[in-house]
Structures are given as C-alpha cells and as structure tokens.
Amino acid sequence: MTRNESARLLRRLAGAGHFLGLFAAYLIICLPGFWVVLNSFRPTVEIMAKPPVWIPQSLSFDAYRAMFGGLGQGGIPVWDYFRNSLIISVTSTVIAIAIGMAGGYAFARFRFRGKSALFLGLMLSRTVPGIALSLPLFIIFARVGIIDTHFALIVTYVALNVPFTIWLVDGFFRQVPRDLAEAAQIDGCRRWQAFWQVEFPLAGPGIASAAIFAFMTSWNEFALASQLTRSVDSKTLPVGLLDYTSEFTIDWRGMCALAVVMIAPAFVFTFIIQKRLVSGLTFGAVKG
Amino acid sequence: MATVALDKLVKRYGPVEAVRAIDLDIADGEFVALVGPSGCGKSTTLRMIAGLEEISSGVVRIGGEVVNDLPPRSRNISMVFQSYALYPHMSVRENLGFSLKIAKRPQSEIDQRVVEASEILHLNALLDRRPSQLSGGQRQRVAMGRAIVRKPEVFLFDEPLSNLDAKLRAQMRTEIKLLHARVPSTVIYVTHDQVEAMTLADRIVIMRDGVIEQAGSPDEVFHRPATRFVAGFIGSPTMNLLDAASAALRSPAAR
C-alpha cells in the first residue's frame with residue numbers, strides 16, 4: 001500500500017467513526033423525546049409492562065381523542081391551558097426582551113458607576129434556585145391577591161428571565177463594533193436611529209436566540225407555576241400534566257400525549273426563529 | 001469647504017489630560033495631517049472635532065461656527081475610520097447611500113450621487129456586494145465613497161490606510177491625493193505614518209503627550225524642526241542627535 005492510499009483509508013475510517021459517534025450521541029439525546037411520542041400512542045399496560053415491550057404491539061390515537069374529548073371522558077381543558085401558556089409565555093418574553101435589550105445595550109456600551117457590581121448582582125441572582133423563592137412568592141402574591149392570575153406568572157417569569165437575557169444581549173451587542181454606531185451618527189443618524197438602523201439589525205440574531213431561551217423557560221416552567229396557579233384561569237400546560245395523576249394511578253399515556261401537544265408549538269416557534277438566526281448574516285464590517 | 005479652528009482644546013479622562021489646550025487654525029481647503037506616536041492625543045483630537053468625544057474645555061469652530069455641543073450629524077463632516085466601519089448588513093450601494101437615505105433625499109438623487117462617487121472610486125462593479133465580499137483595499141474605497149457622497153465641508157480621516165499592505169497603501173495614498181484635488185475640501189488626516197503625512201499634507205501637525213510640538217509644511221518640519229522630538233520623529237532614517245557644547249556659536253556650522 002502506498003502512503004497515499006493508507007492516508008486515504010485512514011481518513012475514511014476516521015470519517016466513519018466520526019459519523020457513528022455523532023449518531024450515538026444523537027440517539028441518546030433524541031431517545032427520550034421519541035419515547036414520549038411513542039408512549040402517547042400506546043396503552044398504559046404496554047408502557048408499564050415488565051420486562052419492557054420495546055416493539056409497540058398496538059398503537060392508537062385514543063389518548064388524544066380523550067384529551068380533547070371534554071370533561072367526563074378523560075378530557076382536560078387543553079385549550080384553556082394552551083391559551084394561558086401562550087399568553088403568559090409570549091407576554092413575559094416580550095417584556096423580558098425589551099428590558100434585556102435596554103439593559104444589555106447599556107452594559108455593552110456605557111460606562112457608569114457600579115457597573116460591574118450591578119452585573120455581578122444580576123448574575124448572582126441566577127444562583128438562587130427559583131424553587132427556593134416559591135414560598136415567599138406565594139405568600140406575597142396571596143397577600144396582594146394575585147394568586148391564580150396571568151399577571152402573577154408573567155411577573156415571575158420576567159424576573160426569572162431578565163438577568164439571563166441581559167447577559168446574552170450584552171454579549172451580542174459587544175460583538176457589534178462601536179465604530180459602526182459612530183459611523184452611523186456621522187452619517188446623520190441620531191443615537192436612536194443609529195441603534196435601530198445599524199446596531200439592532202446586527203445584534204438581531206442574538207436577540208432572537210435570547211427570545212427563544214426566555215420563551216422556553218416560561219413555556220416549560222413547572223415548579224413555580226404549580227404553586228402560583230389554582231384553576232383553568234391561569235394553569236399552564238406543564239401544570240396541566242398533573243391532571244393525569246390521581247391518588248393511586250398515573251395516566252402515563254395521557255401525560256405523554258399532553259407532552260407532545262406541549263412540545264409541538266415550542267418546536268415550531270424555535271424553528272421559525274432559527275431560520276432568522278442563520279439568515280446568512282455575514283460579518284465584514286471591520287478589517288479582515 | 002470650511003475652516004476649522006481649535007481654541008485651547010482640552011480632553012480630560014478623570015485626572016489624565018489626553019489633550020492639553022491645543023490651538024490650531026486650519027484654512028479652507030487645506031490638507032492637514034496630525035502625526036505623533038500612539039497615545040499622543042491625535043485621534044482624540046479628531047474625535048472631538050467629529051463630535052464623537054465630549055470636549056472637556058475649549059472651543060471647536062467649523063466654518064466659524066462654534067460646534068461644541070452639536071451632535072456629529074449637525075457638523076457637516078465625514079469621517080473615514082481605521083476599521084472602515086462599513087455596515088455589514090447592507091450592500092455597497094446601500095452603504096454609500098445610507099447618509100442620504102437618513103437625510104430623506106429623493107431616491108433619484110441618492111442613485112445619482114452614489115453612481116458619481118462609485119465612478120470616482122472605481123466601485124461600479126462592486127455596488128451589489130456586501131462588505132464581507134470585498135478585499136481590504138475595496139472596503140477602504142467604499143469607506144471613502146461613503147464619506148464623499150455626503151459632500152461634507154470637512155473630511156476627517158482616522159488612520160485610514162493602516163490596515164492595508166504596503167503596496168496598496170502607496171496606491172491609496174495617491175488616490176487620496178487625487179481625490180483631494182478632484183473634490184476640493186478641508187481634510188484633517190490622522191496618521192502615525194510619517195511618510196503618509198509628508199506626502200499628502202499641506203501642513204503637518206506633530207503632537208506628543210497631548211500638546212502640539214510643531215505645525216508647519218512638510219519641508220519646514222523636515223528641515224527646521226522646532227524641537228528635539230520633532231527632529232527625532234520626522235525623517236527616515238531619523239536625524240542624528242549629538243550632545244555638543246556651543247563653544248563657537250559664530251561658526252557657520254552651528255547656525
């Protein structure tokens with residue numbers, strides 16, 4: 001074998017190994033999701049069987065039919081939960097991004113007293129586990145009388161998301177060279193115009209990904225929502241999952257079906273924004 | 001075209017004085033180069049003229065009018081940045097026309113002036129590209145085009161050629177000189193490269209530690225340096241400086 005041939009063989013082997021490794025990693029990541037989808041179509045007996053039934057024997061849409069079938073037939077108020085989730089997630093994301101953009105921009109661009117202390121404080125607030133605050137939050141919200149309202153959850157999620165959003169957005173604005181906003185101001189922009197015309201479009205993909213993070217956090221959050229909600233007026237989808245537990249049994253199939261219903265919109269939302277994320281924004285503002 | 005006058009201009013960063021009360025009068029249509037080692041305050045001075053840096057004290061006049069508190073957009077200036085600062089999300093055409101779009105000029109006028117500028121700078125073939133698809137020299141040209149499209153009274157250049165290779169730098173130097181001849185205007189040009197300063201400028205201002213060491217024509221600063229610093233800074237190789245006692249001031253060699 002010539003040296004060229006052996007090098008080529010080695011490269012192909014390495015390529016195949018690479019592929020297999022990635023495949024295994026993806027399998028591990030995707031398997032639980034796949035299992036959830038699969039179980040939503042299988043009867044509970046089969047799900048709970050020991051030893052496990054790997055190959056599904058009977059598949060049906062019964063769980064979905066029951067879920068949307070209304071009360072009394074194993075149905076749960078999916079549409080109410082969905083509406084609550086949507087209102088709360090979208091509103092809190094929009095507010096968190098608005099605050100995060102203003103804050104992130106300030107941290108990236110301005111010098112002010114106590115900047116690093118403030119930034120550290122924001123980051124430290126993330127070290128407190130959210131669940132540790134659930135009791136104080138519950139007591140305060142109960143006193144104010146906003147338990148079981150959209151408002152309570154929106155406020156909570158904004159507070160939860162703002163520090164992280166600021167941190168992300170700050171990083172993205174830092175990547176936009178300062179010169180660009182200055183050039184825009186020389187070209188006749190007010191600061192405000194320079195921001196919207198030049199800096200915002202360039203940090204846009206980053207802000208979009210911050211929005212995805214904020215939305216996902218609110219959409220999936222369970223612990224606090226389960227404390228702060230009571231009825232269909234404000235229960236979100238993750239809390240709705242609890243409807244499938246009763247004193248002695250858990251309807252795993254129904255739960256999996258609701259989980260699928262929950263995942264779908266988040267999936268679509270991420271996909272839409274992801275497309276904007278890689279909108280071919282090629283840098284080249286400054287030398288290089 | 002306009003005159004530019006600096007009167008006791010000072011920039012302070014906390015206790016540090018980056019620019020110390022400099023005076024400078026620039027005539028209408030003059031090409032002035034600010035040179036000096038890095039950290040001498042030349043860029044800060046330029047940025048104060050542009051309105052990008054707040055003035056600690058003193059006065060900047062453009063065309064006789066005090067502009068201290070005017071924002072950059074109201075000063076009728078253009079600036080070419082060292083990094084070029086092209087807008088990466090816009091095509092070359094949009095980059096060139098951006099200032100006119102912001103000024104809400106009619107589209108026909110924008111197109112016409114963009115074409116004019118791109119002809120001067122040989123950018124016609126590149127108008128629909130993005131900055132990322134251009135070479136360094138082409139980006140530099142776009143940056144200059146963006147500056148001339150506005151037809152400003154004063155051009156400010158902040159080390160515009162320092163990111164180019166030696167050959168391109170020499171070529172762009174010629175182009176800048178030609179440009180100044182074609183588009184008559186007042187130019188303030190910051191550089192640390194004395195060759196650029198000597199070849200381009202009508203007048204050279206040498207700065208050190210926030211003060212002006214000497215201002216004069218290239219010949220003047222080369223042949224009659226006012227201070228030892230200027231003598232050592234200008235010329236390549238630099239002037240030899242020898243310690244000597246003035247025993248015979250009357251001898252012709254010492255005069």
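## The sheet of chain B

In what order do the four strands of the open sheet in chain B stand? The order is β2-β1-β4-β5, and the pairing is antiparallel. The model described here is predicted. In general, strands of a sheet pair through backbone hydrogen bonds, and the pairing may be parallel or antiparallel.

Two strands of chain B, β2 (16-26) and β5 (65-66), lie at the edges of this sheet, and each of them pairs on one side only. Strand β5(B) is joined to β4 (residues 57-62) of chain B by two bridges, and these two strands run antiparallel. B:I62 stands opposite B:E65, a residue of β5(B). A helix also packs on the sheet: α1 (residues 42-50) of chain B touches β1 (4-13), β2 and β4 of chain B. The direction of α1(B) makes about 115° with that of β1(B).

## The overall form of chain A

Chain A has twelve helices and zero strands. The C-alpha trace of chain A spans about 80 × 70 × 30 Å along its principal axes.

## Two packed helices in chain A

Two packed helices are described by the angle between their axes and the distance between the axes. For helix α4 (residues 78-109) and helix α9 (residues 191-220) of chain A, the axes come within 9 Å and cross at roughly 140°. Angles over 145 degrees would count as roughly antiparallel, and α4(A) and α9(A) are therefore oblique to each other. The crossing of α4(A) past α9(A) is right-handed.

Residues of α4(A) in this contact include A:S85, A:I88, A:S92, A:A96 and A:M101. On the side of α9(A), A:I207, A:A210, A:F215 and A:W219 are among them. By class, the residues of the contact of α4(A) with α9(A) are ten nonpolar, six polar and no charged.

## Where chain A touches chain B

How many residues does each chain give to the contact? Chain A gives 21 residues and chain B gives 25 residues. On the side of chain A, the elements that give two or more residues are α8 (178-186) and α9. Helix α8(A) gives the most, with six residues.

The side of chain A that touches chain B has twelve nonpolar, five polar and four charged residues.

Terms used: Residues are numbered from 1 along each chain as its sequence is written. Chains are lettered from A and ligands numbered from 1 in the order in which they are written. This is a predicted model: local features need pLDDT of at least 70, side-chain atom pairs count only at pLDDT 80 or more; totals for chains, interfaces and linings use all residues. Axes are lines fitted to C-alpha atoms, for helices over the stretch in contact, and angles run from 0 to 180 degrees between N-to-C directions. Angles under 35 degrees count as roughly parallel, over 145 as roughly antiparallel, 65 to 115 as roughly perpendicular and the rest as oblique. A crossing is left-handed if the near helix is turned anticlockwise from the far one by less than a right angle, and right-handed if clockwise. Two residues are in contact if their C-beta atoms, placed from the backbone, lie within 7 Å. Ala, Val, Leu, Ile, Met, Phe, Trp, Tyr, Cys and Pro count as nonpolar, Asp, Glu, Lys and Arg as charged, and the others, Gly among them, as polar. Two strands pair if DSSP finds at least two bridges between them.
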